[in-house]
Amino acid sequence: MSHALSAFESKLVHAGIAKDVHGSVVPPIYQTSTFAFESAQQGADRFAGKADGFIYTRLGNPTIRALEDCVAALEQGAGGIATASGMGAVSTAYLAMLRSGDHVVSTASVYGPSRTLMERHLSRFGVASTYVDTSDLDAVRGAMRAETRMVYIETPSNPMMQITDIPAIAELAHARGAVLVVDSTFASPYLQQPLLLGADVVLHSVTKFINGHADIVGGILVGRDQETTARLRQTMTLLGCNMDPHQAFMVHRGVKTLALRIERAQRNAVEIARWLEARPDIAWVRYIGLPSHPQYELAKRQMRGPGSMISFEMRGGFEAGKSLMNSVKLAALAVSLGGVETLIEHPASMTHSGVPQAERAEAGISDGLVRYSVGIEDVRDLIADLQQAFDGDRGHALGTDFGADFGSGNLAHPTVAT
Ligand code: LCS
């Protein structure tokens, strides 16, 4: 059925869903660990890859497969591999594609644990790494060595919202015989499709936008070609970090509204970012939809829209940020992001606390940085919440315009498959 789908929004609703004998509109939850064979021969054929069909849920399951096919269609890749968490996807990518003696170049402001896993653990197996500002092509070029076998970028990055030029980095990596892996969690497949821009592997923490409802932890990888996908799948099944069928059911339910959720949250975010930027007590705002963002033009080429993540620094530093976080009432003080509800957190003491202070500072993650994940609430309530947290409850004037010049016309690449 999915071959007939071309528009992204139609894929969100229908891709991956196969008809079952009962005509179930939604893929049922195959809550089973194993699948009975009709004969010994059939079992042997499935193990030998000569016959289709499921064997054992760690290796594959129809409910999980439906989600994998859906996200692979959204990313226009060869196949998806769903994992127990986003970190399951990150570790699968590292372990599938690297060996002792290899070197990795990566984004300095990646999600903290992605960096910790590489620097503290992959290093024990002889994998070296260099973390640089990957939005600076010369820095990437300068960091590459003869042994560089992977460029691993996160764009937009967590929490600095730095944008890395995917086509330029793909060219650079491929010219040196390295693969390009993109963590596209902050964009989701709705805002950016890295495989179409030259990446070899795209991965997501589906905990965030893809599921969108803050009720599941999960991850997914999509490979550009069959060979890469098969390699990733084999590593994932050997590591045993597969997604569970119930988890897959929840994520597949959530992904259907991805476009609607992002459009709404993004509208809110544009308004909130402008409101924040105009406040005297804010030192700076980092939001992809503001012309003040250092890679604003690049983002417009590479992404369909700016999304709904905002980072900002208060003039009063950490103490002011702490007071804000303790004073908001509607936004929850919680890590994670990309859900329907607005969340606020402090990267230096929370998500990125595992990264040493000097490295955080080098990556631009100051101690006063506040990260705000905008949800789909009424923007007037969100601004009123921030206002009362900044000033005490004095109400606020409503801003209504939505004039970011992001739009479908700014796409650098087609978002639809034929
Ligand atoms: N990649 C990115 C960009 C992330 O933001 C996260 C989690 C992961 C990978 C790992 O995914 P997980 O295993 O948690 O599903 N980011 C989080 C954050 O910023 N706050 O809490 C988790």
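**Exercise 1.** Which glycine just after α2 takes a positive phi?

*Solution.* Look just past the end of α2: glycine 49 has a positive phi of about 75 degrees. Helices here are DSSP runs of H or I with at least four residues, and strands are E runs of at least two, numbered from the N terminus.

Before going on, note that this is a predicted model, where local features need pLDDT of at least 70, side-chain atom pairs count only at pLDDT 80 or more, and totals for chains, interfaces and linings use all residues. Residues are numbered from 1 along each chain as its sequence is written, and side-chain values use heavy atoms, without hydrogens and water.

**Exercise 2.** Find which residues of helix α2 (residues 40-47) are buried, and where they lie.

*Solution.* Start with the cut-offs: buried is under 20% relative accessible area, exposed is over 50%, and partly exposed is in between (1.4 Å probe, protein chains only). The buried residues are Gln42, Gly43 and Arg46. Viewed down the axis of α2, these fall within an arc of 100 degrees, so they line one face of the helix. That arc is taken from the directions from the helix axis to the C-beta atoms. Now turn to the other side of α2, where Ala40, Gln41 and Phe47 are exposed.

**Exercise 3.** Locate valine 335 and decide: buried, exposed or partly exposed?

*Solution.* First, trace the loop between β10 (332-333) and β11 (343-345), where valine 335 sits. Next, apply the cut-offs: valine 335 counts as partly exposed because its relative accessibility is 42%.
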